[in-house]
Amino acid sequence: MAKQQDTKKLFEDLSGTGKSIGVLTSGGDAQGMNAAVRAVVRMGIYVGAKVYFIHEGYQGMVDGGDNIEEASWESVSSMLQVGGTVIGSARCKEFRSHEGRLKAAHQLVLRGITNLCVIGGDGSLTGANLFREEWSGLLEELVRQGLIDEEAAQNNSELHIVGMVGSIDNDFCGTDMTIGTDSALHRIIEVVDAIMTTAQSHQRTFVLEVMGRHCGYLALVSALACGADWVLIPEMPPEDGWEEHMCQKLSENRADKKRLNIIIVAEGAIDCHNKPITTNHIKELVVSCLGFDTRVTILGHVQRGGTPSAFDRILASRMGVEAVLALLEASDSTPACVVSLCGNQAVRLPLMECVQMTQDVQKSMDEKNFEEAVRLRGRSFENNLNTYKLLSYHKADSKLPNSSFNVAVLNVGAPAAGMNAAVRSAVRVGIKEGHKMFAVNDGFEGFYKGQIKEITWGDVAGWTGQGGSILGTKRTLPAKHLDKIAEQIRIHNINALLVIGGFEAFECLLQLYEARTSHEDFCIPMCVLPATISNNVPGTDLSIGADTSLNAIVETCDRIKQSASGTKRRVFIIETMGGYCGYLASVGGLAAGADTVYIYEEPFNIRDLQSNVEHLTEKMKTGIQRGLVLRNENSNENFTTDFIYQLYSEEGKGVFDCRKNVLGHMQQGGAPSPFDRNFGTKIAAKAIQWISRKLKESYKDGKVFANTEDTACLLGMRRRTMAFQPVVQLKDETDFAHRIPKEQWWLKLRPLMKILAKYKTSYDVSDSGQLEPVTRVRPKKAD
């Protein structure tokens, strides 16, 4: 162990003993704030600190009294699945004045709170930073007024602040996603999906207004996720004459047999003269120009409500733990920081630099410098905008290039939600790049049987919201049918291949790559996009479909926990899918607040099962009289779900009773989540652009010949970047017997889940965010 500690920085070395942390939510509420509060409270108590709720935001800090109360482990139970903020939020005028901040400082010193965790928007975080800057002055003033003595001033001389951004608008620079954004997208997409069915019945046009006074993120991403006909956002005002342009596009779409039109408008949408564009103005336009039956729907506060999505719960839990670590490591010289997410990694950024950048966006927009505004919004926003532009096409605009290349798209493996969004995006971007696109039905089985036909722009309309696989998918591998597949490639003159699927898709590409030596027909650019609920593909942190599946698991666990709370003293054993990969069980467990999760990657024995039962027995003595245990389907061949259920039933006799639940294929079905639609759309667009480049590079003497490693790749998300990796190089990273990558990033989240379930464990924090300058957030494009 001693050796290990030289290389690892373990958080046992960080002690919170003697420290007090105050946690508050401020400004507009956002789903997931409660998950963040819960994580701060439990992590704080875990490291030995005292944690205080500050109710009603800064107002509660100014008023003191019952508004500031010590939190206990049990006091944050059952908060995870609740939307909004349980500890209340208020906009506080008083805190903006010097007198208000003086009162707040007094209230904190009385309780010895010198660490603050603020969850809110940029206004709340700016207020916190000012408070910190004035802190020593405020203490001197309190001493002069005789409200506190010199000793109290000495003991509380430093105030540390860490911010977490809770805002559904995703309008804070420096972070890819703010807490609440994903849940708000869930609400919007639920509404859009519902509206689409009625619009289709009556051939209507719907104009939807979504939130975002200064930021068009929600409008942009929901437009991408539902394939809207037109979107209006403050960062990209339409040019003069847009009205005619828009009506032309709507009527083109109707001529293409599309029975409905969806127009999405951010509430802050403006034209290029900074004049607001309202939903009613758009409705009048469509009615007067085209005579279409048009309706307006304003979503309003629905977007703030409801239960937080799995993504928001995990984001908030990770951020909450990171915030406590940042407070423990803070010193007088470190600037106030905000913990955030960049790609898939937790980072710490200087709070005021982020706030400054966020304010610069508004300044750029006021000065009509919209390109700069988009650049400042960050790479996530920019990627979404570029993908949206790629996918929008007006016949009147331009003639498409003609590349004379044929590109085939197919699905392989089990169905995963978001596959259809990826196919749609690939087909449309391919057509815009000038290629002829071909769809293959039923994977490689359909390929060798010749089920290959051209697919057009209109064929994929309305595919983004469809679950499963419309093209059809099979697990058949190509190895036994190489000759027939090569023949079909010749017959249809296929010049490139895009395979969308799970672990089998990766294996298929490997087999085709290795067959290049015997079959020249496979010397074409080939790319695989990871799409599987199990998230077990090497070379990527995330797969299309896993988010939808997590949400299905979490939703079911919420209901089960509610039923257990009613009966009291009940433990549920739930089996999840995932093959040998414990991603769904572990990350689902973190999002649902599970007590224990059994997975193949972390071997367990009978003693572990015994200690888990004892842990639950102890828990039943507290006010939280229910338990949730998740087990991955292949976690252990002998300790089956039935075995664990019977063991818990026997050992828990007289203390708790048990129920078991196998979630099964409901984890595979359902409409794709906004994240999966958007992820599928973006990575498919990127893959087709890569294919176009490779086709140009490998086209010589009238034919395509590509036989290098880097022409058979997997496109995956690695920490912060999307990377094309040769499949042959990923071979060494793969455990083929169990169909999982040898190293999996999410295993680092397991100690987090255990800590939040009150287990003593070791947590490696050497990977936790180091403070970094904001400028580094935007790496230059690798291409």
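Select T734. This residue sits in strand β26, residues 734-735. Helices (H or I, at least four residues) and strands (E, at least two) are DSSP runs, numbered from the N terminus. Is T734 buried or exposed? T734 is buried, at a relative accessible area of 4%. Buried means under 20% relative accessible area, exposed means over 50%, and partly exposed lies in between (1.4 Å probe, protein chains only). Now show what T734 touches. Setting aside neighbours within four places in sequence, its contacts are F503, F506, P538, I740, P741 and K742. Contact means heavy atoms within 4.5 Å.

A word on the model before you move on. It is predicted: local features need pLDDT of at least 70, side-chain atom pairs count only at pLDDT 80 or more, and totals for chains, interfaces and linings use all residues. Residues are numbered from 1 along each chain as its sequence is written, and side-chain values use heavy atoms, with hydrogens and water left out.

Next, select V118. Strand β4, residues 115-120, holds V118. V118 counts as buried, because its relative accessibility is 0%. Which residues does V118 touch, not counting those up to four places away in sequence? They are L24, Y58, S124, L125, A128, V162, G163 and M164. V118 and Q610 are 39 Å apart in space and 492 residues apart in sequence.

E487 belongs to helix α17, residues 482-491. E487 is partly exposed, at 40% relative accessibility.

Now for salt bridges. A salt bridge is a side-chain nitrogen of Lys or Arg within 4 Å of a carboxyl oxygen of Asp or Glu. How many salt bridges does a search of the whole structure find? It finds 34.

Select R101 and E134. Their side chains meet in a salt bridge, 2.8 Å from N to O. R101 lies in helix α4 and E134 in helix α5, so the pair ties together parts that are 33 residues apart in sequence. Both R101 and E134 are buried.

Go to D293 and R295. They form a salt bridge, with the closest N and O atoms 3.4 Å apart. D293 is partly exposed at 31% relative accessible area, and R295 is partly exposed at 35%.

Select E520 and K703. In this salt bridge the closest N and O atoms are 2.7 Å apart. The pair links distant parts of the chain, 183 residues apart: E520 is in the loop between α18 (503-514) and β17 (526-530), and K703 is in strand β23, residues 703-704. E520 is partly exposed at 48% relative accessible area, and K703 is partly exposed at 41%. Then pick R475, E504, E507 and R739. Salt bridges that share partners join these four into one network.

Last stop: K93. This residue lies in the loop between β3 (68-70) and α4 (98-111). K93 is exposed, since its relative accessible area is 71%.
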